[in-house]
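Subject: Handing over a structure, with notes

Dear colleague,

I am passing on a structure for you to look through, and below it you will find my notes on what was found. Please keep the structure open beside the text while you read.

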Amino acid sequence: MVKVQLFTSHLQLAAFALGTIGWILCTISMGLVEWRVWHVDNTTIISSGIAWVGIWKVCFISYLHVSSGYKEQFCHKFSGYDSFIPHEIYVAQGLLLIAMVMGLLGLTATVFALRNIYMGISRKTLITHFFLLGGFFYIFAGLCVLVPVSWNFYSVAQNQSIAFPPSYYMPSSPTAQEVGAAIPIGIIAVILLLLSGTFSLSYRFPITTNTDMKS
């Protein structure tokens with residue numbers, strides 16, 4: 001009599017792969033300045049007529065010395081004391097940081113569970129709990145990315161303005177604005193993280209069957 005275990009962890013392996021890509025894209029989206037692309041009429045300082053508004057800073061190309069040490073590209077970082085920053089940018093800063101941590105925890109939990117499976121460690125409760133935990137972290141991370149991405153997309157669609165102070169050399173409102181690269185990257189990250197969470201939560205412990213071996 002031989003015991004045969006039918007492993008069903010293929011989806012969870014896919015969850016790890018998709019979760020890794022989603023977490024990387026979340027990190028890339030958070031670091032990009034191209035969340036909103038502003039088009040402005042006055043090109044005296046903003047030489048290209050285009051400025052990029054991110055969640056951490058605003059940048060544009062200028063052929064003038066608009067600040068000491070800056071020429072051609074001028075960037076001004078947002079401060080935690082800047083009261084003019086809209087709520088969707090503050091929310092994006094906090095939620096994307098949380099998403100990074102949650103995604104990393106999800107990857108850690110999935111790796112631990114997969115390690116036990118492929119090393120033949122039969123701890124049903126432990127493995128199942130870690131896959132469930134990983135799935136929760138993935139889904140929570142995906143939702144944390146979804147909120148700022150959707151909110152900032154709405155702000156772009158409504159052509160909402162930002163009351164920048166004079167030191168930023170930015171107009172309070174653009175003539176037009178469009179979605180930057182960070183938002184579609186964030187959307188892809190959301191899809192991958194939610195898929196990863198769904199795959200992790202769908203895990204079922206391997207079935208053990210008894211097989212008669214006849215000579």
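Predicted model: local features only at pLDDT ≥ 70, side-chain atom pairs only at ≥ 80, totals over all residues.

Residues are numbered from 1 along each chain as its sequence is written, and side-chain values use heavy atoms, with hydrogens and water left out.

Confidence

The predictor's confidence in each residue is called pLDDT and runs from 0 to 100; the protein chain averages 85, and 86% of the residues score at least 70. Residues 1-7 stay under 50, and the model has 22 contacts for them beyond four places in sequence, a contact meaning heavy atoms within 4.5 Å. Over residues 209-215 the pLDDT is also below 50, and this stretch has twelve contacts in the model beyond near neighbours in sequence.

Overall build

The protein chain has four helices and seven strands, where helices (H or I, at least four residues) and strands (E, at least two) are DSSP runs numbered from the N terminus. Along the sequence they follow the pattern β-α-β-β-β-β-α-α-β-α-β. Among contacts with a separation of 6 or more, 69% are made by residues 24 or more positions apart. Of the 215 residues, 39% count as buried, which is to say under 20% relative accessible area, whereas exposed is over 50% and partly exposed lies in between (1.4 Å probe, protein chains only).

The nonpolar core

A nonpolar core is a set of buried Ala, Val, Leu, Ile, Met, Phe, Trp, Tyr and Cys residues joined through side-chain atoms within 4.5 Å. The largest one here has 39 residues, of which Val53, Phe78, Val145, Phe164 and Met170 touch the most other members. The elements that give two or more residues to this core are helix H1 (10-31), strand E3 (50-53), strand E4 (57-67), helix H2 (87-118), helix H3 (124-157) and helix H4 (182-201). Leaving aside neighbours within four places in sequence, phenylalanine 164 is in contact with Trp38, Val53, Val58, Phe78, Phe84, Met170 and Pro171.

The salt bridge

How many salt bridges does a search of the whole structure find? The search finds one, a salt bridge being a side-chain nitrogen of Lys or Arg within 4 Å of a carboxyl oxygen of Asp or Glu. The partners are arginine 36 and glutamate 88, whose side chains meet at 2.7 Å, N to O. Because arginine 36 lies in strand E2 (residues 36-39) and glutamate 88 in helix H2, the pair ties together parts that are 52 residues apart in sequence. Both residues are buried, and serine 155, which lies in helix H3, touches Arg36 and Glu88 as well as Gln160 and Gln177, not counting residues up to four places away in sequence.

Residues in the helices

Serine 196 lies in helix H4, is buried with a relative accessible area of 0%, and touches Ala15, Leu18, Gly19 and Tyr138. Leucine 192, also placed in helix H4, counts as buried at 13% relative accessibility and touches Leu18, Ile21, Gly22 and Leu25.

Leucine 107, in helix H2, touches Phe16, Gly19, Thr20, Trp23 and Tyr138. The C-alpha atoms of leucine 107 and threonine 20 are separated by 7.0 Å, although these residues are 87 residues apart along the chain.

Is glycine 142 buried or exposed? Glycine 142, whose place is in helix H3, counts as buried at 0% relative accessibility, and among its contacts are Val190, Leu193 and Leu194.

With best wishes
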